[in-house]
Amino acid sequence: MYKKVDSKLDFVSRELEVLKFWKDHDIIDKSLSQRKGNEIYSFYEGPPTANGKPHTGHVLTRVIKDLIPRYRTMKGYYVPRKAGWDTHGLPVELEVEKKLGLNGKEHIEEFGVEKFIEECKKSVWKYLNEWEEMTERVAFWVDMDNAYITYENDYIESVWWALKEIWKKNLIYKGHRVVPYCPRCGTALSSHEVAQGYQDITETSIYVRMPVEGEDNTYFAVWTTTPWTLPSNVALCVNADEEYALVEVSGSEEHEKIGARYYLATALIEEIFGENAKIIRTMPGSALLNKRYVPVFDYANKLIQDPQKAFYIVADPYVNLDDGTGIVHIAPAFGEDDARLG
């Protein structure tokens with residue numbers, strides 16, 4: 001009944017042998033038919049885009065996804081596994097733009113929107129064979145013959161229907177959030193789209209001092225990695241649970257006023273001021289809450305109806321003492337943490 005197990009550990013040939021056995025005996029279909037009529041456990045694959053080649057990251061996610069339907073099948077559920085293809089979105093458009101030598105919306109409109117859409121529809125199937133081969137090779141049991149395709153009308157209409165049902169149940173709300181924006185593409189970007197162009201770069205950070213209201217010759221030492229956002233500054237943020245200090249700086253040519261005082265995190269004093277700082281007193285970050293300061297620029301001040309609602313110290317655990325001064329500048333129009341704090 002059973003063949004003798006070969007003592008040679010040739011995993012590749014063994015895997016191919018198993019795959020052939022499954023195919024010859026319709027094992028995937030049998031695993032489904034044996035459970036037909038049982039309680040359904042729905043599985044819809046989070047769809048990849050087939051106009052890019054599969055890579056090791058896709059192998060990992062497919063293997064992990066495959067565990068769930070197999071486990072539920074073993075528990076007695078009927079688990080149809082529906083594959084899907086993501087045929088919308090910026091990655092598809094950018095690929096086609098490169099192919100056609102276009103650059104942005106104006107060029108697309110000159111080329112013709114309908115013609116461009118047709119090119120996009122062709123592009124999404126560029127690496128279909130590679131995806132099918134990879135999926136079979138890693139033994140991801142999923143129905144690719146009856147996959148859902150996001151550019152087909154029945155799928156689009158199902159999304160419209162779902163949104164309508166959610167709307168009828170009063171579960172949709174209007175809100176505000178900060179998202180990356182691409183001026184070339186004329187659209188907001190998802191985190192996944194931003195990650196596609198991710199690269200490590202060296203960026204300039206700066207230290208800024210902001211005068212403390214009511215305390216002569218005293219400043220908050222502020223650090224920011226986004227100096228271009230300073231005109232939109234409306235608050236400064238500390239970590240309420242960390243220790244801060246008021247220091248007096250003397251004997252340094254870098255400071256306009258000898259004897260100037262600065263608030264900053266105690267742990268970062270030496271890194272910022274070296275031996276030129278004398279600690280006057282220490283306090284928890286919570287003791288700095290609501291202290292007011294004078295902003296570097298007054299642009300935001302001109303736009304805010306009530307200036308008392310801006311330019312003071314707030315606190316949040318996201319402020320860490322790995323770099324900088326322990327005091328960061330807040331511009332709610334830039335970045336999720338800033339928007340949340342704002």
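Trainee: Quick one to start: which helix does V159 lie in?

Mentor: V159 sits in helix α8, residues 153–168. Helices here are DSSP runs of H or I with at least four residues, strands are E runs of at least two, and both are numbered from the N terminus. Keep in mind that this is a predicted model, where local features need pLDDT of at least 70, side-chain atom pairs count only at pLDDT 80 or more, and totals for chains, interfaces and linings use all residues. Residues are numbered from 1 along each chain as its sequence is written, and side-chain values use heavy atoms, with hydrogens and water left out.

Trainee: Is V159 buried, partly exposed or exposed?

Mentor: Partly exposed, because its relative accessibility is 33%. Buried means under 20% relative accessible area, exposed over 50%, and partly exposed in between, with a 1.4 Å probe and protein chains only.

Trainee: And which residues make the nonpolar surface patch?

Mentor: V159, W160, L163, I166, W167, L171 and I172 make it, about 740 Å² in area. Patch residues have over 30% relative accessible area and no salt bridge; nonpolar side chains (Val, Leu, Ile, Met, Phe, Trp, Tyr) are joined within 5 Å, like charges within 9 Å. A salt bridge is a Lys or Arg side-chain nitrogen within 4 Å of an Asp or Glu carboxyl oxygen. Areas are Shrake-Rupley values with a 1.4 Å probe, and for residues only the protein chains shown count as cover.

Trainee: Switching to charge, which residues gather in the negative patch?

Mentor: E130, E132, E133, E136 and D145. Asp and Glu count as negative, Lys and Arg as positive, with His and the chain ends not counted. Each charge is placed at NZ of Lys, CZ of Arg, CG of Asp or CD of Glu.

Trainee: Where does the largest share of that patch come from?

Mentor: Helix α7, residues 128–137, gives four residues. E132 is in α7, and this residue counts as partly exposed because its relative accessibility is 32%.

Trainee: OK, new topic: what's the phi of A139?

Mentor: Positive, about 65°, though A139 isn't a glycine. Most residues other than glycine have a negative phi. A139 is in the loop between α7 and β3 (143–149), and counts as buried because its relative accessibility is 16%.

Trainee: Last one: which residues of α6 are buried?

Mentor: In α6, residues 113–123, they're F116, E119, C120 and S123. Down the axis of α6 they fall within an arc of 105°, so they line one face of the helix; the arc is taken from the directions from the helix axis to the C-beta atoms. The face turned away from the buried side carries exposed E114, K115 and K122.
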